[in-house]
Amino acid sequence: METQSQWSSKLGFILASAGSAIGLGAMWKFPYVMADNGGAAFLFIFILFTMLIGFPLLLSEFVIGRQSQTYSTRSFSKLTGKKYHDLIGHLGNIGVFILLSFYSVIGGWILLYMIRTIYVLVAGSSQHDYEGLFGSLISNPFYALGGQALFIVLTAVIVANGIQNGIERASKIMMPLLFTAFIIIIIRSLTLDNAMAGVSYFLKPDFGKLSADSILFALGQSFFSLSVGFGGMLTYASYLDRKTDLTQSGVSVVLLNLVITILAGLAIFPATASLGIEAAQGPGLLFIVLPYVFDQLPLGQLFYLIFLLLFFFATITSSISLLEINVANVTKNNNNKRVKAVALLAIGLFVLGIPSTLSSGLLGDVKFLAGTFFDNMDYLVSNIMLPLGAFLFSIFTGYLLDQRLSHQQLVTKPYQEPLFKLWIFLLKFVIPLVIIGVFLSLILK
Ligand code: PHE
């Protein structure tokens, strides 16, 4: 029996959706890729893609989810009567499982760093070789797998508690804390000597450094960081009442995500610039450069712990949305099966995640196609499955779904009428063409 859950409030829905969007994409990947790809020029392209591609796709997931009021492997056919349309939901359902299996690896690193920083604060000891520390923590199978398992368990516990008591409550607590922690870190970062050099690096565009690859990444990032293409926002919108204005909610989610993306840059670049560190440091930026930066400050480890905490909130509010997609599909929205489904999925995720976790250690030398096992999972999800999902969402909403249904869902005020026309135009022509173009340039490279 289907017992459809509901958010208790519009705010809960927006915070949960923003929580899903704001995650490793905005806070971990974006800053280091931006540092490598022309700074603000890259930011500019990303904002453009977010408005013209990510945002319309977000609305498309919202429309399908709220209209169908059901899980993503059934919602498509429920709206069109064609069973094979549900393949879009199946693609996403598999995609998020793979994504979460390696997302939890980084989640595990964050937890390990939090535990370590608490230890340093309590025991008063310190060590300064952060490059060595990072290498030894993530390459130690015992620590790395332990961190990953702990992260999955924490995600599972929240999701097992259901929509209102689990996901909504966690989002309502963690998101405001995330914003508060961000403000503290940014004030600290901007008041460092020479901070303005970092700010100007961050805000001064250098279009000469933009390459085809960076444009490709900006596109992928515009789906990834808004959680669109796999049915996550669809799932969250299926728990929504009929009254909430979808366009306004979508605008809030997009703005919050953009603000956090920019704040992440403002937290990191002034801090690195003040110590004269080259900002381009790859994935280790947050785990090698930042602890080093914080080490130079009074109460630095405390600030670093706050930083890790905000990082953790961002990550877990995304991983719960990933797991929820699987849970909704496996239980077919039957809440009585929730706990058992969560437990089984968590075990499966841990097992599938093992080779990704070991990619930074024991399996570090096993390389094929895109690199390590971890790199391959990331490549498969971020460069193939997610763009394909996004493409199918735009085709579905642009061509296959009755436009009267979307109109009913989206247009509640007169000013939204022209925006609706623009939305359809983007979904029909612009988004599919851009995705195909970028896809081809990737394959033909
Ligand atoms: N938006 C999340 C992030 O940026 C990742 C995500 C993708 C979550 C797809 C759900 C669905 O980290």
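Biologist: Is Leu369 buried or exposed?

Modeller: Bearing in mind that this is a predicted model, Leu369 is exposed, because 9 other C-beta atoms lie within 10 Å and a residue with 12 or fewer is classed that way. Leu369 sits in the loop between α15 (338-358) and α16.

Biologist: What is the phi of Leu369 near?

Modeller: The phi of Leu369 is near 40 degrees, which is a positive value in a residue other than glycine. Most residues other than glycine have a negative phi.

Biologist: Which loop holds Leu299, and what is its phi?

Modeller: Leu299 lies in the loop between α13 (289-295) and α14, and its phi is positive at about 60 degrees although Leu299 is not a glycine. Leu299 counts as exposed, because it has 12 C-beta neighbours inside 10 Å.

Biologist: OK, on to α15. At what angle do α7 and α15 cross?

Modeller: The axis of helix α7 (residues 141-160) and that of α15 cross at roughly 155 degrees and come within 9 Å, and α7 and α15 are therefore roughly antiparallel to each other. Their crossing is right-handed.

Biologist: Which residues of α7 and α15 meet?

Modeller: On the α7 side they include Pro141, Leu145, Gln148, Ile152 and Val159, and on the α15 side they include Arg338, Val342, Leu349, Phe350 and Thr357. Sorted by class, the contact of α7 with α15 has 16 nonpolar, three polar and one charged residues.

Biologist: And Val157, how far is it from Val342?

Modeller: From C-alpha to C-alpha, Val157 and Val342 are 8.3 Å apart in space, although they are 185 residues apart in sequence. Val157 is found in helix α7 and is partly exposed, with 14 other C-beta atoms within 10 Å.

Biologist: What about α5 and α16, how do they pack?

Modeller: Helix α5 (residues 87-123) and helix α16 (residues 373-400) pack at an angle of about 150 degrees, and their axes are 10 Å apart. That makes α5 roughly antiparallel to α16, and the crossing of the two is left-handed. Among the residues that make the contact are Ile88, Leu91, Gly95, Phe102 and Val105 of α5, together with Phe374, Met377, Asp378, Leu392 and Phe396 of α16. The contact of α5 with α16 has 16 nonpolar, four polar and one charged residues.

Biologist: Which helices are roughly perpendicular to each other?

Modeller: Helices α3 and α17 are roughly perpendicular to each other, since the axes of helix α3 (residues 40-68) and helix α17 (residues 403-410) cross at roughly 95 degrees, where angles of 65 to 115 count as roughly perpendicular. Those axes come within 10 Å. Leu59, Val63, Arg66 and Gln67 of α3 make the contact with Leu405, Ser406, Gln409 and Leu410 of α17, and by class this contact has four nonpolar, three polar and one charged residues.

Biologist: Changing topic, which residues come nearest to the ligand?

Modeller: Of the 15 residues around the ligand, Gly23, Leu24, Gly25, Ser227 and Gly232 come nearest. At least two residues of the shell are supplied by each of α1 (10-21), α2 (24-36) and α14 (300-331).

Biologist: How many residues of that shell are charged?

Modeller: The shell around the ligand has no charged residues, and it divides into seven nonpolar and eight polar.

Biologist: Since α14 came up, is Ala328 buried or exposed?

Modeller: Ala328, whose place is in helix α14, is buried, with 30 other C-beta atoms within 10 Å. Leaving aside neighbours within four places in sequence, Ala328 is in contact with Tyr71, Thr235 and Asn333. Ala328 and Leu79 are 249 residues apart in sequence, and their C-alpha atoms are 18 Å apart in space.

Biologist: Last one, where does Asp241 lie?

Modeller: Asp241 lies in the loop between α11 (232-237) and α12 (246-274), and it counts as exposed, with 11 C-beta neighbours inside 10 Å. Asp241 and Ile268 are 27 residues apart along the chain, and their C-alpha atoms are separated by 39 Å.

Note on methods: Residues are numbered from 1 along each chain as its sequence is written. This is a predicted model: local features need pLDDT of at least 70, side-chain atom pairs count only at pLDDT 80 or more; totals for chains, interfaces and linings use all residues. A residue is near a molecule or strand if its C-beta atom, placed from the backbone, lies within 6 Å of it. Helices (H or I, at least four residues) and strands (E, at least two) are DSSP runs, numbered from the N terminus. Ala, Val, Leu, Ile, Met, Phe, Trp, Tyr, Cys and Pro count as nonpolar, Asp, Glu, Lys and Arg as charged, and the others, Gly among them, as polar. Axes are lines fitted to C-alpha atoms, for helices over the stretch in contact, and angles run from 0 to 180 degrees between N-to-C directions. Angles under 35 degrees count as roughly parallel, over 145 as roughly antiparallel, 65 to 115 as roughly perpendicular and the rest as oblique. A crossing is left-handed if the near helix is turned anticlockwise from the far one by less than a right angle, and right-handed if clockwise. Two residues are in contact if their C-beta atoms, placed from the backbone, lie within 7 Å. A residue is buried if 20 or more other C-beta atoms lie within 10 Å of its own, exposed if 12 or fewer, and partly exposed in between; C-beta atoms are placed from the backbone.
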